[in-house]
Amino acid sequence: MTHRALELLQLDSPSVIIDLGCGSGLSGEILSSISPADGGPHVWVGMDISASMLDIALQRDVEGDLLLSDIGQGVPFRPGSFDAAISISAIQWLCNAESNDVNPQGRLSRFFNGLYASLRRGGRAVCQFYPKNDEQRSMMTSAAIKAGFGAGILEDEPGTKNLKSYLVLTVGGGGVQGDITGVVRNMRNVEIQDTGRKPNFTGKKGERKGSKAWVVRKKQQMERRGKVVKASTKYTGRSRRRVVF
């Protein structure tokens, strides 16, 4: 899976990579062993929440630097510190709420915002994960897009027990837009979510946000909740002419 992630990253020269949920450093060893002919070797930093797993990595004398940290609390590095990022079988745990005070959406938001900031412009990230259901897939991609990434999910061996999902992320720069199919090779059967501007529609029956129908419906909702709302008039929902003094 690490080799597949590297294939999707398309690194042509030695790079600085962060391994998110690095565990005992198995993926890091692969990063260090990439030959110059294949664009390596790479320098890497590993993050993991498990002290025991990082201790195993130290005993195995891995070449990367290690950080004991919860990725759900963010990625605490200076902006633009890394050329790329990988994560193998880790980010699905961000969707789990182990107690009532744990907010999966908040953990995902902190993770993706921190990751976006830590990558240089034009950088990429590939996160292999095992979503429990479509809701988790949607949570992942939505949080990544809100953070600013161009995002797509690639599935290897779909429809089988060996299904593996890869969340492929790009950081703006060098003409890269939300649709990543043009910048990542071999992206067959990929589901794309574009970060481009969406139409300004919301509510029922395609109501435009700010229209009279939209405003009236919102006021009715507030009245049902016991709020004091001004009566609607013929001017309700009209655009105001700007006056410059």
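User: What is the chain made of, and in which order do the elements come?

Analyst: The chain has six helices and eight strands. Along the sequence they follow the pattern α-β-α-β-α-β-β-α-β-α-β-β-β-α. Buried residues make up 44% of the 245 residues. The chain exposes about 14300 Å², and carbon and sulfur atoms supply 50% of that area.

User: How do you know how far the predictor trusts this model?

Analyst: From the pLDDT, which averages 81 over the chain, with 80% of the residues scoring at least 70. Over residues 174-183 the value is below 50, and that stretch has 25 contacts in the model beyond near neighbours in sequence. Residues 192-199 are also below 50, with 16 such contacts. Where pLDDT is low, the predicted coordinates should not be read in detail.

User: What share of the contacts joins residues 24 or more positions apart?

Analyst: Among contacts with a separation of 6 or more, such residues account for 67%.

User: Why are the buried residues of helix H2 said to be on the same side?

Analyst: The buried residues of H2, which spans residues 26-33, are Ser27, Gly28, Leu31 and Ser32. They cover an arc of only 140° around the axis, so they are on the same side of the helix. On the other side of H2, Leu26 and Ser33 are exposed.

User: What covers the buried residues of H2?

Analyst: The cover includes helix H1 (2-9), together with strands E1 (16-20), E2 (43-48) and E4 (82-88).

User: What makes Phe112 and Phe149 an aromatic pair, and why is the pair called edge-to-face?

Analyst: Two rings pair if their centres lie within 6.5 Å, and planes over 60 degrees apart count as edge-to-face. The centres of Phe112 and Phe149 are 6.4 Å apart and their planes are at 75°, so the pair meets both conditions and is edge-to-face. By this rule the count for the model comes to four aromatic pairs. Phe111, Phe112, Tyr116 and Phe149 form one aromatic cluster.

User: Why is the Phe112 and Phe149 pair said to tie parts of the chain together?

Analyst: Phe112 lies in helix H4 (residues 104-118), while Phe149 lies in the loop between helix H5 (134-147) and strand E6 (150-156). The pair therefore ties together parts that are 37 residues apart in sequence.

User: How do you know whether Phe112 and Phe149 are buried or exposed?

Analyst: Buried means under 20% relative accessible area. Phe112 has 0%, so Phe112 is buried. Phe149 also has 0%, so Phe149 is buried.

User: Which residues touch the most other members of the largest nonpolar core?

Analyst: They are Phe112, Leu115, Phe149 and Leu167, in a core of 32 residues. The elements giving two or more residues to this core are E1, E2, E4, H4, strand E5 (119-129), H5, E6 and strand E7 (164-170). H5 gives the most, with six residues. Leu115 touches Leu20, Val75, Ala85, Ala125, Phe149 and Leu169, leaving aside residues up to four places away in sequence. A second, separate core of 18 residues includes Leu9, Ala57, Ile88 and Tyr166. In soluble globular proteins, nonpolar side chains tend to be buried together.

User: What makes Gln10 and Asp61 worth a look in the backbone?

Analyst: Gln10 has a positive phi of about 60° although it is not a glycine. Asp61 likewise has a positive phi, of about 55°, and is not a glycine. Gln10 is in the loop between H1 and E1. Asp61 is in the loop between helix H3 (51-59) and strand E3 (65-68).

User: Why do Gln10 and Asp61 get their accessibility labels?

Analyst: The cut-offs are under 20% for buried and over 50% for exposed. Gln10 is at 15%, so Gln10 counts as buried. Asp61 is at 63%, so Asp61 counts as exposed.

User: What is found in the loop between H2 and E2?

Analyst: Asp38 and Pro41 are among the residues there. Asp38 has a relative accessible area of 56%, so Asp38 is exposed. Asp38 and Pro14 are 24 residues apart in sequence and 9.1 Å apart in space, C-alpha to C-alpha. Pro41 is joined to Gly40 by a cis peptide bond, with omega about -10°.

Note on methods. Residues numbered from 1 in each chain as written. Heavy atoms only, no water. Buried < 20%, exposed > 50% of the residue type's maximum accessible area, 1.4 Å probe, protein only. Helix = DSSP H or I, 4+ residues; strand = E, 2+ residues; numbered from the N terminus. Arc of directions from axis to C-beta. Contact = heavy atoms within 4.5 Å. pLDDT = per-residue confidence, 0-100. Areas by Shrake-Rupley, 256 points an atom, 1.4 Å probe, with all protein chains shown as cover. Phe/Tyr/Trp six-rings, centres within 6.5 Å; stacked < 30°, edge-to-face > 60°. Core = buried A, V, L, I, M, F, W, Y, C linked by side-chain atoms within 4.5 Å.
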